[in-house]
Amino acid sequence: MRRKYDIRNKKNFVIILILSIIIIGIFSLFIYKYKHTEKIEYNVKTGSVVQDSSKNFVNIEEDALLKVRWNGNYYLVYQDNKISLGKKVIVYDTITGDIKLYGKFYEIQSDGKIIENNNETVLTNSGNVKFYKLDDREYLLVDKQITSNDESINASGYLLVELDRMGNAKLSNYNLNLKTINPTVLRTSLYSFDIANEILRFNNLEIDLKKIIGSSNQYKEEKKDQDKENDNENGNGGAGNGGIATNNEVIANGTGNNATGVNNTSQGEQVTIEEIRRDTKTTSIIRTAEDMNKIDIDYVVYDPYNEYKTVYAEISRADSSGVSQIRTIDMPKIDTHLTFSDLQPDTKYNIEFYYTTVDKDTNEENTTMFEKIIVKTKKPVYAIEIYKINKVNNTLEYKVYLQSNYKISNVNVSLSFDGVDKNINDDVRRISLPTVTLPVSEGDKVLRGTFSIDPNRYSVINNSLFKLNVDSVTGDNGTITINSYDTFRLVGDTNE
C-alpha cells in the first residue's frame, strides 16, 4: 500500500511541476511582450489623419506619438490624450500623400500571391497601387485615383471599404464618407474591385476574396428572370399573367386557377409579402459631408407600400454641464438631402435616423431607428508665423492667416520665450506674455500684430526659443480652441 501511495504522490508532483512550469512560462512571455511593446513607438507628423477605434477621423495638428499595447492594440498620444485606434491603423499624410500602415494587413498582388504585412508598412507617394484585406469584409484600396464604374465615386490616395453582411458598403477616407446601397465596382489604374461579391480582378485574373481569411458576407446576386414571355403565354383564366397574392403568400408565374406556389429561385418555395417588403426596404444614409458649422446628409427613403408615417433625424451633443441638446429635422420621402446648420465647429455630434409606422389593428404608432452615425464638424484653420524680430525696437512682429468662409470677431494670440524676469530676480525660465486679442473686420484675410519685449524687465538669452500661438478665436458660435503655433530660436546677440 505504501508503494502505491508513493507512486501516486510522484505522479501528482510531476503534474503540479508541469503546470507550474507552464504558468511561469506564460507569465514570463507576458512580461517579455509587455516590456518589448512598451519600447515601440512611431512619430505621426503634423498634417496627418488617422481614424480612432470608433471610426472617427482625427486631424493631427501637432506632432504625435503612436504606441502599441501588449495585446496589439495601437493608441495615439496626442495633446495630452491617449486615443484608442484598434489593431489596424492607417496614417495618411495630407501634405506628402504618404501612407503608413500599422498592424496586420494582407496584400493581394497582381499574380494572386498574398503577402502578410506586420508592424509598420510605409507607402510613399510615388505611384504605389496596392490592395489589402484587413479583416472579414474590410478592405483597403491605394492609388492616386479611385473611381466607381458610373464615376459617382471619386477618391484620391486611399479608400477604406467596410461591408455589412448584406453587401452594402461604407466607403471612407480623409475627405470622403458615403454608403452604397447598390452593387458597386471600384476601379484603380491596376485592378477593379466588385464590392458586394468580394471579387478582385487584375486583367484576366479573378480572385475570390472570400477565400482569404474567410467572409461572413451573405449577399447573393439576383438572377435575371428567364424567358418571362414564354412563362406568360402559359397563363390563362383568373390568375392571368404574373403573380397573385393569397393568404399573405405570393404565387408567381400562375397557370390558371390551378396555380401552385412556384418561385423563380427554387422550385416549390413560397415567398411571403413580409419577406418581399423586408428585402426591398433600402432606406439608408448614403453620404455625410462635414463643414465647420454644418453637416450635409444625402439619404434615400424607399417606401413602396407607403408604410412610413414620418421619417426624421435627431442630432445631439452634450453641453458643458453634460446635458444632451437634441434637435430634430424632418426627412421628406420625396427629398434626398438635409442639412443641420448653425453647429459648433470641432464638435462631435450623434445623429440618429428614425421612421414611424402605425399598426393597422391597434392604431399604435411604432418608432424604429434605422441608422446611427457619429460625425465631427471641422476645425477652423489659423496659421501664424513670426516674420520679424526687431532688436532696435525690441519687438516681435507676426502674421495670422485667417480661415476663409468662417466669420469670427477676434483672434487671441500668446507669446512665450526663454528669458529672465528682472522684477522677480528669477533665473532663466519660460516667460509667457499676456494674451493679445486682435479684432477681425469683415474681409480680413491676414492679421498683423506685434509683441513688445521690454528690455528693462525681460532679458532674452542667447538661443531663446520663441513660441507664438493662436490660442483661440471667438465668433457667433462662441470661443473655439485652436492651438496653432510657430517657433523661432534667437541665436546671437542678446539684450541681457
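What share of the contacts in the protein chain with a separation of 6 or more comes from residues 24 or more positions apart? Such residues account for 53% of them, a contact being heavy atoms within 4.5 Å. Keep in mind that this is a predicted model, where local features need pLDDT of at least 70, side-chain atom pairs count only at pLDDT 80 or more, and totals for chains, interfaces and linings use all residues. Residues are numbered from 1 along each chain as its sequence is written, and side-chain values use heavy atoms, with hydrogens and water left out.

Now the overall picture. The protein chain has three helices and 39 strands; these are DSSP runs numbered from the N terminus, with at least four residues of H or I for a helix and at least two of E for a strand. Of its 496 residues, 38% are buried (under 20% relative accessible area; exposed is over 50%, partly exposed in between, with a 1.4 Å probe and protein chains only). The accessible surface is about 29300 Å² by the Shrake-Rupley method, and carbon and sulfur atoms hold 46% of that.

Let's start with helix α1, residues 2-38, where I26 sits. I26 is exposed, at 57% relative accessible area.

Next, a hairpin: two residues link β15 to β16. Five bridges hold β15 (169-173) antiparallel to β16, and S172 stands opposite N177. In a regular strand the side chains alternate between the two faces of the sheet. In β16 (176-180), L176, L178 and T180 make up the covered face, while N177 and K179 are on the uncovered one.

Finally, look at the open four-stranded sheet, ordered β27-β26-β29-β30 with antiparallel pairing (a pair takes at least two DSSP bridges). β27 (324-330) and β30 (365-376) each have a single partner strand, so one side of each lacks a neighbour in the sheet. From one strand to the next, the twist averages 25 degrees, with axes fitted to C-alpha atoms and angles running from 0 to 180 degrees between N-to-C directions. Inside the sheet, seven bridges connect β26 (310-318) with the antiparallel β29 (348-358), and A313 has F353 of β29 as its bridge partner.

Methods. Accessible areas come from the Shrake-Rupley method with a 1.4 Å probe; for residues, only the protein chains shown count as cover.
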